[in-house]
Amino acid sequence: MQNEDYIKAGSIAGEVREMVRGKNWVGKTVYEICEEIEGEIKKRGAKCAFPVNTSINEIAAHYTAEPNDPIVIKDTDLVKIDLGAQINGYIADTAVTVCYDPQFDGLVQAAEEALGNAMSMIKAGVKASDIGRTIETTIKQLGFKPIANLSGHSLDQYTIHAGKSIPNIWSIGGFSLSENSVYACEPFVTTENGGGFVRNGQIKNIFALNSRKKTKNEEADKLLDFIWNNFNMLPFALRWITKECEEKKARELLEILIKKKAVQAYPVLIEINEQRVAQAEHTFIPNQEGATITTKAS
Ligand code: MN
Ligand code: MN
């Protein structure tokens, strides 16, 4: 039941995102936050499509908590919380930026407005490059900068990035949205002093299966099966393995799988001028008149 599952995953993800938006996370560790939000997704009958991302300040994306990660949210932090729910592999991907320092309200608002303007123009046949132009124009008119090398994407069953990109800036060429395909749109915004690009950081704490080819190490192959059986090709965190396997051992085995290219590790993405970044994201399915925003607030 593809479409029903997309809609159900979307309504769960949207509900959890609104819970996240309304809550004060200051003083909590990122470990507590990830575990709590992932629990809320599961409680509502979906699986996590990827580990909850808690990317703080100049980290734009791809940070999730390490096992017992002690990093605490401060009242001056700006945190992108990006979460995904899936049912039978049909994914809803959505994000919100939480921030308790009014100094950065404008930045957060710019990401929301860019997403809102993009959502108002979507329907089957609209060019992705025109969506990019709307996002860029909205952000610049508010005095901020879009992140040029991060973009939205098409989604498919058990696949978060299914090959097509919805840019956050105007660009030449590109594709047109097709009816009944599934996409995520996710403007990222930084300040005037930002470079408007992200670079890879050193930290890698999100992983995904690359291939199911055996490694000749019995324990590593067992972990490979565990990953496939539990996460399919979707991203996972070390936290999700250490519930079954002792942490030191899990790190060693994961290292073997990465060396053998059976598993891929994703680096955190950092704004090149180390300026703060805000994000907003929805998943949607275009139709002739407009679109079903699967993750919209109910
Ligand atoms: Mn996302
Ligand atoms: Mn996304």
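**Exercise 1. In this predicted model, find which residue of β7 is the bridge partner of H153, and describe the sheet to which the two strands belong.**

Step 1. Looking along β7, one finds that S165 is the bridge partner of H153. The two strands concerned are β6, which covers residues 151–155, and β7, and they run antiparallel with three bridges joining them.

Step 2. Widening the view, one meets an open sheet of five strands, ordered β7-β6-β8-β13-β14, in which the pairing is antiparallel. β7 (165–167) and β14 (291–293) each have a single partner strand and stand at the edges, so one side of each is left without a neighbour in the sheet. On average, and with direction ignored, neighbouring strands here are turned by 25 degrees against each other.

Step 3. Helix α1, residues 2–22, packs on this sheet and touches β6, β8, β13 and β14, while its direction makes about 150 degrees with that of β13.

**Exercise 2. Determine which residues coordinate the manganese ion (ligand 2), and where E186 and E281 lie in the chain.**

Step 1. The donors to the manganese ion (ligand 2) are D93 through OD, H153 through NE2, and E186 and E281 through OE, at 2.1 to 2.2 Å. Along the sequence these donor residues follow the spacing D-x59-H-x32-E-x94-E.

Step 2. E186 sits in the loop between β8 (182–185) and β9 (188–190), whereas E281 sits in the loop between β12 (277–279) and β13 (282–286), so that this pair, 95 residues apart, links distant parts of the chain. Both E186 and E281 are buried.

**Exercise 3. Work out which residues coordinate the manganese ion (ligand 1), and which residue bridges this ion and the manganese ion (ligand 2).**

Step 1. The manganese ion (ligand 1) is coordinated by D82, which is listed with two OD donors, by D93 through OD and by E281 through OE, at 2.0 to 2.3 Å. D82 lies in strand β3 (residues 78–87) and D93 in strand β4 (residues 90–99), so the pair ties together parts of the chain that are 11 residues apart in sequence.

Step 2. The bridging residue is D93, and the two manganese ions, ligand 1 and ligand 2, lie 3.2 Å apart. D82 and D93 are both buried.

**Exercise 4. Describe the order of the three-stranded open sheet, and say which helix lies across β9 and β12.**

Step 1. The order is β5-β9-β12, with antiparallel pairing. β5 (145–146) and β12 are the edge strands, each with a single partner, so one side of each is left without a neighbour in the sheet.

Step 2. β9 and β12 are joined by three bridges, and one of the paired positions is T190 with V277 in β12.

Step 3. The helix is α3, residues 105–121, which lies across β9 and β12 and runs at about 35 degrees to β12.

Technical notes: Residues numbered from 1 in each chain as written. Chains lettered and ligands numbered in written order. Predicted model: local features only at pLDDT ≥ 70, side-chain atom pairs only at ≥ 80, totals over all residues. Heavy atoms only, no water. Donors = N, O, S within 2.8 Å, 3.2 Å for Na, K, Ca; no water. Helix = DSSP H or I, 4+ residues; strand = E, 2+ residues; numbered from the N terminus. Buried < 20%, exposed > 50% of the residue type's maximum accessible area, 1.4 Å probe, protein only. Pairing = 2+ DSSP bridges. Contact = heavy atoms within 4.5 Å. Axes fitted to C-alpha atoms, helices over the stretch in contact; angles between N-to-C directions.
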